[in-house]
Amino acid sequence: MSLLNLDARWRRLNDPDYACPCCGRRFSGVFDIGFEEPDAWLHGPRSDDLLRVGEDKLSSELCRLGERRFLRCVIALPIRGSDGESLFLAPWAEVSQSDFYAYLDGSTQDGAPVTALTATVANALPGLGDPGPGTLQPGSGLVRPRLEFATGPLAVASAEGISFDDLLDIYAAAGQDIRPHLTGS
C-alpha cells in the first residue's frame, strides 16, 4: 500500500467512481502536461501532421523555427509516497542544429551513435521555474528523448520526487486547479 493512500485527496484522484460533489468532475489518476509547440513558435497551432509557414516547420515531435531547432521530450517527476507514479511533462527542448540533425540521423558526424545532447527547455514549465540547461537522452524507437538535469530544482525533483501537494500546485499553475474538486465536501 502506498503512503499516499492515507490521503483522501489522492484516493479521490485515483478513484474513477468518485465524482466531485460540486460539478461531477471525475478523475482517473495522475495526468501528464504537454505542450503543443515551443513558446517561441508564433505561427499558431498545428492542425495537421505538419504546419509549414515559409521555411518554418512544426510537427508533433520536431520543430524548425528560423535557425533554431527543437525536439519534443519528456521530463519525469516521481511522486513521493506513491507506488511508482510520476508526473510526465512533455515540453520542447532546443538543441543546436548539428545535434538536431545528428539526432535525426541517429549518429554524429564521425559515425558514433548519439548518446546525449545539450538542450534547454523551450517552454515555461508551470510552477517549476527556469531549469537551465539539461541533457537530452535519446529514446529508442518511438520513445521520446528524456530531458535530465544535473543541478537545480528539477534535478532535485527528478531524483527525490515531488510531493502530492507539489503535484497539485503544478496542475494549478498549468491552469488545471483540481484541488477544490478533491476535497469531497
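This is a predicted model: local features need pLDDT of at least 70, side-chain atom pairs count only at pLDDT 80 or more; totals for chains, interfaces and linings use all residues.
**View 1. Arg 9 and Asp 165 form a salt bridge.** The closest N and O atoms of Arg 9 and Asp 165 are 2.8 Å apart. Arg 9 belongs to helix α1 (residues 8-13) and Asp 165 to helix α4 (residues 164-173), so the pair ties together parts that are 156 residues apart in sequence. Arg 9 is partly exposed, at 24% relative accessibility. Asp 165 is also partly exposed, with a relative accessible area of 40%.

**View 2. A network of salt bridges links Asp 7, Arg 9 and Asp 165.** Arg 9 and Asp 165, the pair of the previous view, are joined by a salt bridge, and Asp 7 is part of the network with them. The structure holds 8 salt bridges.

**View 3. Arg 144 forms a salt bridge with Glu 61.** Between the closest N and O atoms of this pair the distance is 2.8 Å. Arg 144 sits in the loop between β10 (133-137) and β11 (146-148), while Glu 61 sits in the loop between β3 (56-58) and β4 (62-65). The two residues are 83 residues apart, and the pair links distant parts of the chain. Arg 144 counts as partly exposed at 27% relative accessibility, and Glu 61 counts as partly exposed at 30%.

**View 4. Glu 36 and Arg 46 form a salt bridge.** Here the closest N and O atoms lie 3.9 Å apart, and a salt bridge is counted within 4 Å. Glu 36 and Arg 46 are both in the loop between β1 (33-34) and β2 (51-53), 10 residues apart. Glu 36 has a relative accessible area of 48% and is partly exposed. Arg 46, with 23%, is partly exposed as well.

Technical notes. Residues are numbered from 1 along each chain as its sequence is written. Side-chain values use heavy atoms; hydrogens and water are left out. A salt bridge is a side-chain nitrogen of Lys or Arg within 4 Å of a carboxyl oxygen of Asp or Glu. Helices (H or I, at least four residues) and strands (E, at least two) are DSSP runs, numbered from the N terminus. Buried means under 20% relative accessible area, exposed over 50%, partly exposed in between (1.4 Å probe, protein chains only).
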